[in-house]
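Subject: Structure handover

Hello,

Here is the structure we talked about. Please open it first, then read my notes alongside it.

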Amino acid sequence: MALFKKKAVSQPVQASKGPEKILPENPYLGREPIINASQAIIGYELFFRPGTALKAKRLNDRNEVLAQIATRLANDPHVEVSYPEEVTDANLRDDDGKEITDVTLSEIFYSLKTKGVTQSLGQHLGFIRIRADQLGDELRGFPAIKFPLQIDLAEILEAIKTEANQVDDAEEDPETKQELDDSEGPPVPEILQKLERLRSAGYKFVLTGLTEVFDGLDDILPKFRYVKLDLHQVAQPSSLIDYCKGIPLPRDEKVKGSSNVLQIIAVNVHQPEDFHRARDLGCDAFEGFYFVKPDPELSLHRGEEYRKLLQLLTLLLSSPELKDLVIAIEANPVVSKHLMVIAEIDSRRKRDKPENIRDAAVISGVKRITRWTQLLLYADTKAKVALDATPLLQLVCVRAFFMEALSSKLGAGGGLGSSDLAFLVGGLSLIDNLFDEPARELLSQFNLPSVVVDAIVDRSGILGQLLTLAEAAEVGDLEKCRHLCSDELKTVTLDDVAQDSLMAIKNFVSQTQFAPEEDVWESANSVDEELA
């Protein structure tokens, strides 16, 4: 008998795993373009929805409780338990039971750094609204050159007033009063000191809410690089703009060739007449959707060349024979040049370089040619503006890709036979603005399904609801987005809206990188001039 017996080694006790942590949703909601006088996009105001971090915390807390309940029931199936309330956007409240209205800096950071919002901007700026109480060291994480930070004037004035009241109270103390008397002048308000420190570090600030000149304004304006004005709210816009432009700014040594004059951005510019007025008053940029409305000066889409594009699109939507398609493409020089560029890039993968339009059509396929033709309806071939900076083109293209992606979330109950229908609705949703004719009359040329036409004209059906959701996201209308996602489009979440919006922008960028060289546009221009 052995003197020693091998002792069995017990397995280490594994700690029970709790429920998997839920990450916050993407707080990104949408963006509104900011356009310069040359009608090129220079940036976007970015919209975010509040409460995403708190919602994740509430969901994780709830899951912890549910796990504890499951353990108790496993030990005693008859024990009485009380289940926690579901966590939804509608019932989300803070610890005091109040509705969440403010986006935190950490939520914005999460969206910019983790969810691809920064990459979606390309070369453009991202204007972000923050509160005056967020002007602290935590801002150091923002890429200063990329994200101008908007602050409302009312918050600045309130902070100055609060500090002044505190100084008045402190003057009752003899020692404090003596210190103030010994100082060289009145103290600079703390919020202006913070703005100056951050401005010196390279941050660019945008002042909003200004409607008139007042005492002390010249102390505030030098801290800012941009001023946003709602001209509908300003009694004397010309004098206010002149005053702002007359305030000398410190030279920005970090940016070569930077201006020392305040840049004035007109906001809520949704009609062509709003744009004309703002431009004539001396505004430098314009935020709003005025460019979707027909205007003789802004729209160059009514010539014969664009009628040919409509005819080509009609043919493409009717499953054409190859020979008929080639003839129609050859009759459209703008499409021909784009198609050759696209096909040459595709051919690198297929190793079949196109020699002519027929080869290019075979390589690219009808679906891609159809989509490019839709896009080119919104491209201004007379303007010296890159495709990815063309406001109308980017709006409609991103809308079409967004609706296509979101339609896949509808499931079998959505009633859509193909996500291509959703793309069609988005892509043709502003066609009446191009030609200044009723949409139903224009769309009747294409032999489209009635659900597509009705969605565009009446916003009816599931496609109409998708289009309404796309429009709401574009202007950052959180309440309408929330209503549509909880009612007509129940299988779509606000997180889907954020993710698919960014995916749509990515698709747009991948499409516009195939833009031809400048000489291609110049060749197309000469054709337009001959036909004019």
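Leaving aside residues up to four places away in sequence, Asn-433 touches Val-292, Lys-293 and Pro-294. Find Asn-433 in helix H17, which covers residues 431-435. Along the chain, Asn-433 and Lys-293 are 140 residues apart. Their C-alpha atoms are separated by 5.6 Å. Asn-433 has a relative accessible area of 15%. Buried means under 20%, so Asn-433 counts as buried. Please keep in mind that this is a predicted model.

**The whole chain**

The chain has 532 residues, and buried residues make up 47% of them. There are 23 helices and 8 strands.

**Ile-151 and its neighbours**

Next, go to strand S4, where Ile-151 is found. Ile-151 is buried, at 0% relative accessibility. What does Ile-151 touch, not counting residues up to four places away in sequence? The list is Ile-130, Ala-132, Leu-135, Ile-156, Leu-195, Phe-205, Val-206, Leu-207 and Thr-208. The C-alpha atoms of Ile-151 and Phe-224 are separated by 9.7 Å. Along the chain, those two residues are 73 apart.

**Aromatic rings**

A pair of aromatic rings is described by two values: the distance of the centres and the angle of the planes. The search of the whole structure finds 9 aromatic pairs. One of them joins Phe-205 and Phe-224. This pair is edge-to-face, with 6.3 Å centre to centre and 70 degrees between the planes. Phe-205 sits in strand S5 (residues 205-208), while Phe-224 sits in the loop between helix H7 (217-220) and S6. The pair therefore ties together parts that are 19 residues apart in sequence. Phe-205 and Phe-224 are both buried.

Phe-401 and Phe-423 also form an edge-to-face pair. Here the rings are 5.1 Å centre to centre, with 70 degrees between the planes. Phe-401 is in helix H15 and Phe-423 is in helix H16 (residues 419-428). They are 22 residues apart, and the pair links distant parts of the chain. Phe-401 is buried, with a relative accessible area of 6%. Phe-423 is buried too, with a relative accessible area of 2%.

There is also an aromatic cluster to look at. Phe-275, Phe-286, Phe-289, Tyr-290 and Phe-291 form it.

**Helix H8**

Which residues are buried in helix H8 (residues 237-245)? They are Pro-237, Leu-240, Ile-241 and Cys-244. Looking down the axis of H8, these buried residues fall within an arc of 100 degrees, so they line one face of the helix. An α-helix has 3.6 residues a turn, so residues three or four places apart point the same way. What covers the buried residues of H8? The cover includes strand S6 (226-229), strand S7 (263-266) and helix H9 (272-281).

Rolling a probe the size of a water molecule over the atoms shows where empty space is left. The search of the whole structure finds 4 cavities of 30 Å³ or more. The largest cavity holds about 190 Å³ of space. It is lined by 17 residues, and the closest to its centre are Tyr-28, Arg-31, Val-398, Glu-474 and Ser-501. Which elements give two or more residues to this lining? They are strand S1 (28-36), helix H15 (391-407), helix H20 (461-474) and helix H22 (494-512). By class, the lining of the largest cavity has 11 nonpolar, 3 polar and 3 charged residues.

The largest pocket holds about 770 Å³ of space. It is lined by 36 residues. Nearest its centre lie Glu-45, Phe-47, Arg-129, Ile-130 and Gln-150. S1, strand S2 (41-48), strand S3 (125-129), strand S4 (149-152) and S6 each supply at least two residues of the lining. Which of the elements gives the most to the lining of the largest pocket? That is S2, with 4 residues. By class, the lining of the largest pocket divides into 16 nonpolar, 10 polar and 10 charged residues.

Best wishes

Key
Residues numbered from 1 in each chain as written. Predicted model: local features only at pLDDT ≥ 70, side-chain atom pairs only at ≥ 80, totals over all residues. Heavy atoms only, no water. Buried < 20%, exposed > 50% of the residue type's maximum accessible area, 1.4 Å probe, protein only. Arc of directions from axis to C-beta. Contact = heavy atoms within 4.5 Å. 1 Å grid on protein atoms, 1.4 Å probe; cavity = no way out; pocket = protein on both sides within 12 Å on 5 of 7 lines; lining within 4 Å. Points joined across faces, edges and corners; volume = space filled by probe spheres on them. Nonpolar A, V, L, I, M, F, W, Y, C, P; charged D, E, K, R; others polar. Phe/Tyr/Trp six-rings, centres within 6.5 Å; stacked < 30°, edge-to-face > 60°.
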